Amino acid sequence: MSKEKLLLVGAGGFGRVVSELARQTYDCAFIDDGTEIGAIICGIPVIGRTADLQTLFAEYRKLAVVIGNNAVRDRIYDMAKRIGYDFPNLISPSAYISPYATLGWGCVILNNAVVQNGATVGNGVLINPGVEIHHDCTVGDCTLIYTNSVVRTGAKVGKCVRIGSNCTICNNATVPDGADIPDCTAVH
């Protein structure tokens, strides 16, 4: 039985990491504005640029933006949404998502990440290995959380936030839209 097709937007480091997960379920192709069309990245062909999204929609109906730059990811999702693409969530088998958590569309949740009961994760959020999203907190759209960081109970993380590795967003803390939290930081 053939797999559904999925466009992965972004063939850089994060795109390569996510491609290993995506290939388990989908027949994938990359589009990337900085890589030669026809290149093969981790066994996956680069078939176009973001300017080709409209044309590629005839063959690919599902898309995941796997670019770490939050503003770029947000812009591409907006463009793809207007075209009509669907945005599946890509969730590692070793991740745990509570059935009582709310997860938007187009999220990537990698190895050993946890999203607990009552947490809300927005659209287009990238969650790296070992991240914990504790109960009753909120993570806004197009946020990127690097490895082993923790968003604690009741915290509110805005849209397009970058949280570095080994950070703690403390209980009930608020992180404003667009914030950039450096590695090994605690936000109170």
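Biologist: Is Cys-184 buried or exposed?

Modeller: Buried means under 20% relative accessible area, exposed over 50%, and partly exposed in between, with a 1.4 Å probe and protein chains only. The relative accessible area of Cys-184 is 60%, so this residue is exposed.

Biologist: What kind of model is this, and how are its residues numbered?

Modeller: This is a predicted model, in which local features need pLDDT of at least 70 and side-chain atom pairs count only at pLDDT 80 or more, while totals for chains, interfaces and linings use all residues. Side-chain values use heavy atoms, with hydrogens and water left out, and residues are numbered along each chain, as its sequence is written, from 1.

Biologist: Where does Cys-184 lie, and what value is its phi near?

Modeller: Helices (H or I, at least four residues) and strands (E, at least two) are DSSP runs numbered from the N terminus. Cys-184 belongs to the loop between strand E21 (180-181) and strand E22 (186-187). Its phi is positive although the residue is not glycine, and lies near 60°.

Biologist: Where is Asn-166 placed, and what is its relative accessible area?

Modeller: Asn-166 also has a positive phi, near 60°. Its place is in the loop between E18 and strand E19 (168-169). Asn-166 is partly exposed, its relative accessible area being 43%.

Biologist: How many helices and strands does the protein have, and what is its radius of gyration?

Modeller: The protein contains 3 helices and 22 strands. The radius of gyration is taken over C-alpha atoms, and the globule rule is 2.2 Å times the number of residues to the power 0.38. For 188 residues that rule gives 16 Å, and the protein is close to this value, so it is as compact as a globular protein of that length, with a radius of gyration of 16 Å.

Biologist: What share of the residues is buried?

Modeller: The C-alpha trace spans about 45 × 35 × 30 Å along the principal axes. Of the 188 residues in the protein, the buried share is 50%.

Biologist: How many salt bridges does the structure hold?

Modeller: A salt bridge is a side-chain nitrogen of Lys or Arg within 4 Å of a carboxyl oxygen of Asp or Glu. A search of the whole structure gives a total of 5.

Biologist: Which residue forms a salt bridge with Lys-62?

Modeller: The closest N and O atoms of the pair are 3.7 Å apart, and the partner of Lys-62 is Glu-4. Lys-62 lies in strand E5 (residues 62-65) and its partner in the segment before strand E1 (5-9), so the bridge ties together parts 58 residues apart in sequence. Lys-62 is buried, at 17% relative accessible area. At 48% relative accessibility, partly exposed is the class of Glu-4.

Biologist: Which residue meets Asp-74 in a salt bridge?

Modeller: The N to O distance of this bridge is 3.3 Å, and it joins Asp-74 to Lys-159. Distant parts of the chain, 85 residues apart, are linked here: Asp-74 is in helix H3 (residues 70-83), and its partner is in the loop between strand E17 (156-157) and strand E18 (162-163). Asp-74 is partly exposed at 25%. Also partly exposed, at 34% relative accessibility, is Lys-159.

Biologist: Which residue forms a salt bridge with Asp-78?

Modeller: Both members of this pair lie in helix H3, 4 residues apart, which is about one turn of the helix. With closest N and O atoms 3.2 Å apart, the partner of Asp-78 is Arg-82.

Biologist: Is Ile-163 buried or exposed, and which residues does it touch?

Modeller: Ile-163 is in strand E18, and at 1% relative accessibility it counts as buried. Contact means heavy atoms within 4.5 Å. Not counting residues up to four places away in sequence, Ile-163 touches Leu-144, Ile-145, Tyr-146, Ser-149, Val-151, Val-157, Ile-169 and Ile-181.

Biologist: Which residues does Asn-128 touch?

Modeller: Asn-128 lies in the loop between strand E12 (126-127) and strand E13 (132-133). It is buried, with a relative accessible area of 8%. Residues up to four places away in sequence aside, Asn-128 touches Phe-14, Leu-110, Ala-113, Leu-144, Ile-145, Tyr-146 and Thr-147.
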